[in-house]
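Please look at the sequence and the 3D structure shown below, and keep both at hand while reading the short report that follows.

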Amino acid sequence: MKLPRPLRTAVAPALLTTTALLVLTACGTSGADNGSGGAGSTVDIRIPDPGNSGVLALGKKDGSLDKALAEVGAKVRWTGSAGPFAPAAQAMNADQLDIATGSITSGITSLAQRPGFKFFTAVDPDAAGEGILVKNGSGIDSVADLVGRKVAVNQGGTGEYLLLKALAEAGVPADKVERVYLRPDQTAAVFNAGKVDAWAVWATYAVAEIGTGKAHFVADGAAIGSDNYSLNAVRTGFAEQHPEVVKALYQYLHDAGAKEKRDPAAYLNVFTDVGPTAVTGKAKQVQTDVTRKGGTVGPIGPEDIKRFEAVADFYAAQKVTTTKVDVAAHLLDIEKLK
């Protein structure tokens, strides 16, 4: 397993929320791009609603995010809700969203589609919160035991990467395991009904399953040697017009992420501690452990880029992408934005 650079902790949950990727269910036009972002006006920055947990959820509730952005003449316009990165990437391409978060794996497949966004932050791969999930008593005690089995993955994203990487590390040919392509939000029912034997998954969905006490990782991110960074993306046009807003958002995420790591429980169940969005019981402890072990938002450095390129090479070799995607061409150096 490759060790991360020492300036950041080696593992991380998702960035903008503790465990969410982003999808648009509502859209609009940025004030900056429709002519209302001139001198003296407030710039709207469109970010999907953060839900019930994470640094943005708390920032929304206590007003600290808008306070930080007000210093550079901006405010958040919450739009949509949490979900996969691919639709969020499409929304940025269509000028319906300004910020999104996702993994380098889903990012690479989205970059292959004429991207209108760039990545500007990174959090090191999540060694504790992602992996190959199996039911207790399944008889699957190692990655090699997946031969002849069905494994649920999200196509072209974290799940497919984790499975292929785990198989490669274990020396198991990829065609010896059946990949079942499912949307992550539809997989829990299939997994619990026994229609698949395992689930390649990340903390957003794994925490609840592990929290039941009925499932565990047969191999986690550390065992797999995952290079699956979590990243923040910004619409290219927004970054070009409002670099000061992007820098302010970065600083907020960096500082708040460090606080969340020190006190994970304070960032859970921000709006409600009951209902489907609440993290309760053993799952709450699982999530706090994952967050405490996790990393924080940082700038994208040379060592990170090398690992991004390794994922792009791997995806091309595994024919997830038709050619190697040039990740470096779609990165921003947040420390050089003015």
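Lys247 counts as partly exposed because its relative accessibility is 33%, where buried means under 20% relative accessible area, exposed over 50% and partly exposed in between, with a 1.4 Å probe and protein chains only. The model is a predicted one, in which local features need pLDDT of at least 70 and side-chain atom pairs count only at pLDDT 80 or more, while totals for chains, interfaces and linings use all residues. Residues are numbered from 1 along each chain as its sequence is written, and side-chain values use heavy atoms, with hydrogens and water left out.

Lys247 lies in helix H10 (residues 243–262), helices being DSSP runs of H or I with at least four residues and strands runs of E with at least two, numbered from the N terminus. Leaving aside neighbours within four places in sequence, Lys247 is in contact (heavy atoms within 4.5 Å) with Ile334, Glu335 and Leu337.

In helix H12, the buried residues include Arg307, Phe308 and Tyr315, and the buried residues of H12 pack against the elements in this table.

| Element | Residues |
|---|---|
| helix H4 | 104–111 |
| strand E6 | 117–123 |
| helix H5 | 158–170 |
| strand E12 | 230–235 |

Rings of Phe, Tyr and Trp (its six-membered ring) pair if their centres lie within 6.5 Å, and planes under 30 degrees apart count as stacked, over 60 as edge-to-face and the rest as tilted. By this rule there are nine aromatic pairs. The rings of Phe117 and Phe119 have centres 5.5 Å apart and planes at 75 degrees, so this pair is edge-to-face; Phe117 and Phe119 are both buried.
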